[in-house]
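Here is a walk through one structure, chain by chain. Please keep the sequence and the 3D view open as you read.

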Amino acid sequence: MADDERVDNPFRVLGQPAPPAAPSDEPEAIRDEVEKGILFTTVENMAGWAVNQARANAIWPLGFGLACCAIEMMAILGPRFDVSRFGAEVMRSSPRQADLMIVAGRVSLKMAPVLRQLYDQMPDPKWVISMGACASCGGVFNNYAILQGVDKIVPVDVYVPGCPPRPESLLHGIMKLQEKILLSKPELGPIPRPRKRGVA
Amino acid sequence: MTLNMGPQHPSTHGVLRIALELDGETVLRAKPIIGYLHTGMEKQAEYKTYTQSIPQTDRMDYLAPMLAAEKLLAIEAPLRVQAIRVMLVELTRISSHCVWLGTHALDIGAMTVFFYCFREREKVLSIYDQVSGQRMMSSYIRVGGLVMDIPDGLLDRCQKFVDEMPAHIDEYEKLLTKNPIWLARTQGVAPLTAAQAIAMGATGPTLRGSGVDWDLRKKQPYSGYDSYEFEVPRGTNGDAFDRYQVRIQEMRQSVRIAHQAIARVRSFGERGEYRLRDFKYVLPPKEEVKTSMEALIHHFKIVAHGFFPPVGEAYQAVEAPKGELGFYFVSDGTPRPWRMKVRSPSFINLQSLPTMVEGRMVADVITAIGSLDIVLGEIDR
Amino acid sequence: MALTPERVEERLRAAFPGMSIKRQEGPAVRDHTVHVPAEKIVEVCTFLRDDPELQFVMLSWVGGVDLMPRTPRFEVVYSLLSIPNNLRFTLKVAPNDENPRVPTVCGVWPTANWHERETYDFYGIEFVGHPDLTRILLPDQWVGWPLRKDSPLGYQEVSFTHNTPNRIKPSPSLTRLKPKKVKYRAQ
């Protein structure tokens, strides 16, 4: 069951808890059922839906503009391709306040540890858009200095191709990410730690 | 106290890291640390032909590589091509200064100017889009000419843009030039005397803001610039406000040059020659390739192999919006350059940052970086 | 009378009579280039900068070239600019093959600081007397001199379907996923 679920819904948001181990005996099974809250399933679904809507429609990017793609990313902040209609009203500079990291530009090997550190500093839930060819796969530059794809160091949700991608492309990527968020299964509370059997 | 203005910070100049030593708010030492965007372009250019290096160096800057290759080959593009190049380059200069003004003002706090400037920039990008299909790094200018002829309606569009632009520049000036906040933040801030600027190798508006009269378009003209009428604005004090004034005036002069260039292209005809007819180095036109045997062979040789420049070296510099951008090619007779060295203006202008900010306040560091107009792609190559 | 590069070379020979000054010859050497010995570069540059007729006040750039099968292998190119005379001039020095060392010209033009660091970073040419000779563009812990001709490009084989044997095939459920139909206001 667990594996099936993994294949059927490949778009799990990061931090989704692993499905708990099957209970071994009768009282544990009953306890699990009660704690799953059969009564609250509808509310949970609705709450999940609401949380997803909130996360998708108010996504705040950490503009990680590195090179030429950064200029196109600044262009979507401009008046012609307005990204604030998609909820990204402000581009937060601090990773602690952002939930979307748009890696815009080529990532050199000197910058890679910095990128990973910034990614680690972002709180959950977080998503990564790899904008442009250089961030997705190294792009035009296949040499000693450039990391061949930012997915070697951070997990990427959406790849936006182009060199640089037109602002419409990037907006399409953000919309795809919104769809992905809306489809995903959020965790509503703290991630449950695996409980030791026999302890309440 | 040592403060690290890290590689990721809100002023969108790219990944620049500055190690500041502070005493309260006063900067004791500032050391820029670069290299976070190093792309190895110079090494990679040794493995690509001259034409293949064009998109690579476009990701760093625009016009100059073709001119250095043309100097090496000792060919010169036809006059119509030169006029079109001048027109497109001046439009690029306007759009680059728009980005500079928008981000500089954004750093200092004037957000409105950012939106206005990007609105103008969109118009230039649409023009580039129409010309070559790419908004920013068009790779439209090649060795010996252009990729293809300019499309219909381009000249009218450019004309409309340069007719409207002076009103927009007036708008920016109205917002900023007499604004007491702007004056307080930029006048007297980040000074660089003329002697210091020359010693630090600064070029472009950084040098002209300090009062030195040096513009490559006037002093060592290329691409027909000596036949256009324009002035080169100069500052007096070398502070951030003077550099701002120099760039605003440069935008106005660019509009003037673009007017003349458009008129000149029209005088050559809306359709005409767009490449040199030197088939050893430049691709022949498609119609001839399909009918003439020699043209077919030349086309095949140039596309499959690349052209074979003579053994030698050449350095050619242009006046990019940021300063003197130069390319130095060492050729060994093969289609791939033996060495390509880029003299990038932002790399050298950034060196004068410690001179500008030591002894000043921390907030002036942001103004200084903004007024230097750096592009990290150029610095790190 | 405007200053010409030949006149500059003449003045240079007159000022340094014993030194070996060679003009670079070649079919397509488009800039006037002169070779000087590496040890004397600081005196030559000081002369070129301070002489009232020449006044090469600005150092445009310093770069290195690796002409590998040839010895001497390295060349450091100095491109000078005279603003009052509107003239460019190029100097070249050739340091040794192993342990290449050149005296620094930071004392003559402060702008040489970063240029020499970059040349050191790319080629390993040591500039004697430089205030802070460390890597500038590459990460500090990098080993090797990437722009030398015997250093590799670092090209990584791109994995396509035809050259990746055990690739993970996407799950069939991904093909079933259709984009959500969103109503736009314009519609």
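Two strands count as paired if DSSP finds at least two bridges between them. Keep that rule in mind for the strands of chain C. The model is a predicted one.

Start with strand β6 of chain C, residues 87–93. How many of its residues are buried? The count is 7 of the 7, so the strand is largely enclosed by the rest of the structure. In a regular strand, side chains alternate between the two faces of the sheet. Here L87(C), F89(C), L91(C) and V93(C) point one way from β6(C). R88(C), T90(C) and K92(C) point the other way. Residues on both sides are buried.

Now look at the partners of β6(C). Strand β3 of chain C covers residues 33–35 and runs parallel to β6(C), with 3 bridges joining the two. Strand β5 of chain C, residues 74–82, runs antiparallel to β6(C). These two strands are joined by 7 bridges. Across from L91(C) in β6(C) stands Y78(C). β5(C) and β6(C) form a hairpin, with 4 residues between them. In the turn, N86(C) has a positive phi of about 55°.

Move to chain B and its helix α4, residues 79–108. This helix has 30 residues. From first C-alpha to last, α4(B) reaches 43 Å, close to the 44 Å expected at 1.5 Å a residue. The helix is mostly covered, with 28 of its 30 residues buried. Just after α4(B) comes G109(B), which takes a positive phi of about 130°.

Another helix of chain B, α6, spans residues 154–176 and holds E173(B). Is E173(B) buried or exposed? Buried means under 20% relative accessible area. E173(B) has 16% relative accessibility, so it counts as buried. Which residues does E173(B) contact, leaving aside neighbours within four places in sequence? They are K178(B), Y244(B), Q245(B), I248(B), Q249(B) and R252(B).

Next come the aromatic rings. A search of the whole structure finds 20 aromatic pairs over all chains. One of them is Y281(B) with F307(B), an edge-to-face pair. Their centres are 5.9 Å apart, with 80° between the planes. The pair links distant parts of the chain, 26 residues apart. Y281(B) lies in the loop between α11 and α12 of chain B, and F307(B) in the loop between α13 and β6 of chain B. Y281(B) and F307(B) are both buried. A second pair is tilted: F347(B) and W114(C), at 5.5 Å centre to centre and 50° between the planes. F347(B) lies in helix α14 of chain B and W114(C) in helix α3 of chain C, so this pair joins two chains. F347(B) and W114(C) are buried as well. Ring pairs also build a cluster in chain B: Y50(B), Y281(B), F307(B), F327(B) and F329(B).

The charged end of K110(A) sits over the ring of Y36(B), 5.1 Å from its centre. Within chain B, the charged end of R119(B) sits over the ring of Y116(B), 4.9 Å from its centre.

Now take the contact between chain B and chain C. Chain B brings 47 residues to it and chain C brings 48 residues. The area buried between the two chains is about 3,800 Å². Carbon and sulfur atoms give 59% of that area. Which three residues of chain B supply more of its share than any other three? They are K43(B), E313(B) and W338(B), with 17% of the area that chain B buries against chain C.

Finish with chain A. Its secondary structure comes to 7 helices and 4 strands. From the N terminus on, the elements run α-α-α-β-α-β-α-β-α-β-α. Buried residues make up 45% of its 200 residues. Among contacts in chain A between residues at least 6 apart in sequence, 77% join residues at least 24 apart.

At 22% relative accessibility, A133(A) counts as partly exposed. Not counting residues up to four places away in sequence, A133(A) touches G138(A), G139(A) and G162(A). The C-alpha atoms of A133(A) and G149(A) are separated by 8.3 Å, with the two residues 16 apart along the chain.

Note on methods
Residues are numbered from 1 along each chain as its sequence is written. Chains are lettered from A and ligands numbered from 1 in the order in which they are written. This is a predicted model: local features need pLDDT of at least 70, side-chain atom pairs count only at pLDDT 80 or more; totals for chains, interfaces and linings use all residues. Side-chain values use heavy atoms; hydrogens and water are left out. Buried means under 20% relative accessible area, exposed over 50%, partly exposed in between (1.4 Å probe, protein chains only). The expected span of a helix is 1.5 Å times one less than its number of residues. Rings of Phe, Tyr and Trp (its six-membered ring) pair if their centres lie within 6.5 Å; planes under 30 degrees apart count as stacked, over 60 as edge-to-face and the rest as tilted. A charge sits over a ring if NZ of Lys or CZ of Arg is within 6 Å of the ring centre and within 35 degrees of the ring normal. Contact means heavy atoms within 4.5 Å. Buried area is the accessible area (1.4 Å probe) that two parts lose on being put together, summed over both.
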